[in-house]
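Please look over the structure below before reading on.

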Amino acid sequence: MAEKKIILTGDRPTGRLHLGHYVGSLKRRVELQNSGEYDEIYILIADDQALTDNADNPGKIRENIINVVLDYLSAGLDPAKTTICVQSALPALHALTFYYLNMVTTARLSRNPTVKAEIQMRGFADEGLPAGFFCYPVSQAADITAFDATVVPVGEDQLPMLEQCREIVEKFNRTYGETLVLPKPMIPENAMQRRLPGVDGKAKMSKSLGNCIYLSDDAKTVKKQVNGRMFTDPQHLKIEDPGHIEGNVVFTYLDAFSTEEDFKEFLPDYNDLDEMKAHYMRGGLGDGTCKKFLINVLEKNLGPIRAERARWESNISDVYDIIREGTKKAQEKTSATLARVRDAMRIDYFKDRSIIAEWEEALKAAKQ
Ligand code: TRP
């Protein structure tokens with residue numbers, strides 16, 4: 001039988017999703033879902049992983065689970081095709097994590113560059129590093145392997161997790177026999193999908209910097225972020241001045257979102273973005289016109305998402321049922337993997353009574 005194609009990916013539910021998440025992962029997930037190429041697709045709401053650096057604030061995670069699910073559903077993830085599930089309700093993941101912790105050394109964990117950067121960012125270097133946080137890549141390996149994932153669509157920052165997961169899989173299979181599926185990462189194709197800057201031009205959208213546009217923002221807020229805060233070209237003072245594209249956030253966002261269709265609809269002076277950029281660089285195209293176009297383009301993307309969100313928001317009990325059902329399905333899937341793992345390790349004492357004969361035999365042999 002040909003190997004099944006299975007996708008697993010996930011998010012920490014610590015806040016609403018923004019445009020960076022949308023171009024970087026959510027849009028892609030919807031395309032993968034609709035491609036029909038995958039046998040099973042799972043999205044994990046990684047609330048346990050979120051606790052590893054929010055242990056003092058479980059309320060924040062509890063509250064944001066619904067925000068993340070609403071973002072998924074309104075962006076087009078379809079529960080009939082994609083199983084959405086909640087990590088903390090999958091005890092098989094906890095058990096797998098415990099076994100996998102023996103497949104990795106603390107020295108190897110210390111070298112994970114993403115975790116290293118996060119330790120700095122969160123101040124754990126001074127405060128003390130929670131062991132749970134230090135080990136979360138192992139729990140992520142459990143997430144991935146429990147679903148027999150072959151493909152894991154993630155951002156570039158997650159590549160070290162995938163590398164570590166693959167090492168764990170290889171070590172496990174070498175030690176206990178072929179049991180686990182070796183997953184492959186799938187990262188966004190182009191640079192701007194990999195990292196959409198904040199509206200202020202800072203490298204990353206971040207809640208604390210207030211430089212995000214959220215999928216759930218209303219039209220007025222989107223307009224305010226673009227007109228009021230979006231970084232352009234500080235040397236482009238008069239319309240006639242030649243402008244710069246590099247580092248100009250309006251053009252970065254247009255790169256990420258605009259299509260030729262959008263030009264026909266909102267800015268027919270140009271056939272495409274290259275023509276528009278050329279005019280801007282020559283001089284004679286004002287920031288106001290560019291921003292107005294961008295707002296139209298963003299609204300074309302966000303309008304339908306916003307409408308879907310409003311529809312789901314008035315049906316929270318349906319949303320609850322979706323994740324409850326998804327989690328139930330995920331429980332079956334992940335406990336089957338755990339059973340396979342325990343069989344491979346021969347930790348299956350109570351499956352049947354066959355170990356009694358084994359023990360009796362061993363005791364007898366010891367006496368001779
Ligand atoms: N660590 C991922 C992030 O911060 C979230 C995550 C948890 C994940 N479990 C996963 C991603 C499994 C892919 C596969 O974005």
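This is a predicted model: local features need pLDDT of at least 70, side-chain atom pairs count only at pLDDT 80 or more; totals for chains, interfaces and linings use all residues.

Modeller: Residues are numbered from 1 along each chain as its sequence is written, and side-chain values use heavy atoms, with hydrogens and water left out.

Colleague: Is Ile 245 buried or exposed?

Modeller: Buried means under 20% relative accessible area, exposed over 50%, and partly exposed in between, with a 1.4 Å probe and protein chains only. The relative accessible area of Ile 245 is 16%, so Ile 245 is buried.

Colleague: Which residues does Ile 245 touch, not counting residues up to four places away in sequence?

Modeller: Contact means heavy atoms within 4.5 Å. With that sequence limit, Ile 245 touches Phe 251, Lys 277, Tyr 280 and Met 281.

Colleague: At what angle do helix H13 and helix H16 pack?

Modeller: Helices are DSSP runs (H or I, at least four residues), numbered from the N terminus. Axes are lines fitted to C-alpha atoms over the stretch in contact, and angles run from 0 to 180 degrees between N-to-C directions. H13 (residues 249–257) and H16 (residues 287–313) have axes 10 Å apart and pack at an angle of about 35°.

Colleague: Which helix supplies the largest share of the lining of the largest pocket?

Modeller: Among the elements that each supply at least two lining residues are H1 (19–35), H6 (113–121) and H9 (136–146). The largest share is five residues, and its source is H1.
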